[in-house]
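Hi everyone, thanks for coming. Let me walk you through a structure that may be new to you.

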Amino acid sequence: MDLSAISPTLLIASLMVAATPLLLAAIGELVVEKAGVLNLGVEGMMIVGAICGFAVSVETGSPYLGILAAMAGGAILSMLFAFLTQFALANQVASGLALTLFGLGLSALMGQGYVGVKPPAMGTLNIPVLSDLPFVGPILFGHDLVLYIGLGLTAAVWATLKYTRVGLILRAVGENHEAAHALGYHVVRVRILAILFGGACAGLGGAYISLIRVPQWTEGMTAGIGWIALALVVFASWKPWRVLLGAYLFGGINVLQLNLQAAGIAIPVEYLAMSPYLITILVLVILSADKSAAPASLGRPFHASH
Amino acid sequence: MIHLEKRPQPSQFWSLFTPVIAVVVTMIAGGLLFAALGKNPLEAIRTIFYDPLFGEFSFYYRPQLLVKGGPLILIAIGLSLGFRAGIWNIGAEGQYILGAICGAAVGLAFYPSESVFIFPLMILAGLLGGMLWSMIPALLKVKFGTNEILVSLMLVYVAEQLLASMSLGLLRNPEGHGFPGSRNFQDYPSGHNAEILAGTGLHWGVAMAFIAVIFAYILLNKHILGFNIRLTGEAPRAARFGGVNPTRLTILCMGISGALAGLAGLFEVSGPSGQISIDFNVGYGFTAIIVAFLGRLHPIGILLAGLLMALTYIGGEIAQANLGLPAAAIQVFQGMLLFFLLALDLLSNFRIRFAAKGAA
């Protein structure tokens, strides 16, 4: 084993890359849950986003068009969930599971011709001077556009929830939908918009995996990241900055276990590979004592006739 | 304007007929999907739903119906108990894997013994393996209030890694020339889950599935525990006042579903699949969720839904071989079925009224 082969600069830089799909999916789900909806279909929306982004990038040669397609793909799939839970008033847990099962199949079907294909690369934003700084340069200024979008989105969601009227309405709908309805807000409309936003974010997160982090297409390549994103929202007690912190923590664990695998540590590969899931469970246990932060109407269906 | 009016009680008629309508609508939507893939939709639907039952080679496919349906029914029966009480065990796939690993490990430990006790011992180990794996989310839920959906799911990924590790390491066949995978139980009579009646597909796991259906039916309709499960799902507050202990109920429901999933895994590994291998699990634990809902969480419904889902698997394989239909198309088809079912559920819980706006 040779631990000296692990470079701290590269470790931190790749940690940020590993954390981005999680961050994107979790920040989207945070908005959905703040609106009082529990969408368990994150994994499904991510994998559909991953293949939509991949296919469109390969066909058009533009990773940016691919990114847009991934967001559209995730959002379209989330419309199914919105229809089921908001109009047909179906059980949210079952509908979310349906979304994931359907998404895994659909993505496998769409990805038939794309196994082994290389997507066009999305360049890093090399900012002159800043990117060339030692240590700080490659960590902070040598990344791709989407990674910065993820950071920007976190800040935007935080500010919107905290300071704007839109954020206030969203939170009201999530905390007490009866009261929000009585005040004249369109509970269902707000929730549908939140679900679409969550879908687009998950799709973007998925495309980040297939276009930038891995970059290739394999069936089921999201491998539970969507579920970890759901756990992350609980971990973060529904606070955007803690989502960021959590994503980097999990990204760090993942990168570290991959590096340890590469360094040939004595622990078998399979046990290292299960560590992110085990740590997720551990974190869930530690943090689940405090349920006070959860939106009060989370998971409860709303129907105006009550 | 369309107006929804909540029924005081879910409609019995629609509860029974929405699954049937959902299947028909899925066939239509599936036909459109197959047409989009450039296949003749009528031929594809006929290949999937008719050929395995009545086609030229149906003598071969009909037993397969039990082979594929058995584990689905067994797992879904367990899941349905929890789902009824609002306890969401989504990790049956992991419990299925652990049942297979534990059961196989016990059997392989005694290789090449010829004792008649080996197989019963393996069954016990499979049951316990699945149950212990389901106890992790159950105990974390009752002790710390941890979300059982997320924990049981995370444990699926852990179980998959464990499976890979077992088939590459501890349980690898010492005479397998270094290839991953355990000894094959088909060559180990005392640990082999053979067919009870040769050529019918009826192995011990299928028999167990039928027993589970009867057991669940009696439990839900005649036993106080079944009553408590139903009460907790329909009126949690009333259940608490009625003296139902939620902790015990959670552990019981999770334990039963884990044990049944573990049994399914053991019967599969010692029978149809034959060995522990890296890709031993094929998603029965997830498909069983669809089966449970399609069967309306009712034992008889689950029996029928399991057989129907088995039919889509077998028909899908025939369509794959004969028509070149991609395997993933069947997965999409199964997912669609769940969608339509959930959407059509609206009919059993609400009346649809067409009224002028503002009249209400």
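Let's start with B:Ser257, which sits in helix 11 of chain B, residues 246-270. Helices here are DSSP runs of H or I with at least four residues, strands are runs of E with at least two, and both are numbered from the N terminus.

Before going on, a word on the ground rules. This is a predicted model, where local features need pLDDT of at least 70, side-chain atom pairs count only at pLDDT 80 or more, and totals for chains, interfaces and linings use all residues. Residues are numbered from 1 along each chain as its sequence is written, chains are lettered from A and ligands numbered from 1 in the order in which they are written, and side-chain values use heavy atoms, leaving out hydrogens and water.

Is B:Ser257 buried or exposed? It is buried, with a relative accessible area of 2%; buried means under 20%, exposed over 50%, and partly exposed in between, with a 1.4 Å probe and protein chains only. What does B:Ser257 touch, setting aside neighbours within four places in sequence? The contacts (heavy atoms within 4.5 Å) are B:Gly78, B:Leu79, B:Asn89 and B:Gln95. A polar atom of the B:Ser257 side chain also lies 3.1 Å from the backbone oxygen of B:Met254.

Now over to chain A. You'll find 13 helices and zero strands there. Of its 306 residues, 57% count as buried. Among chain A contacts between residues at least 6 apart in sequence, 76% join residues at least 24 apart. The C-alpha atoms of chain A fill a box of roughly 65 × 45 × 40 Å along the principal axes.

Note on methods
Polar contact = N/O pair within 3.5 Å; in protein donor to acceptor, adjacent residues only side chain to side chain.
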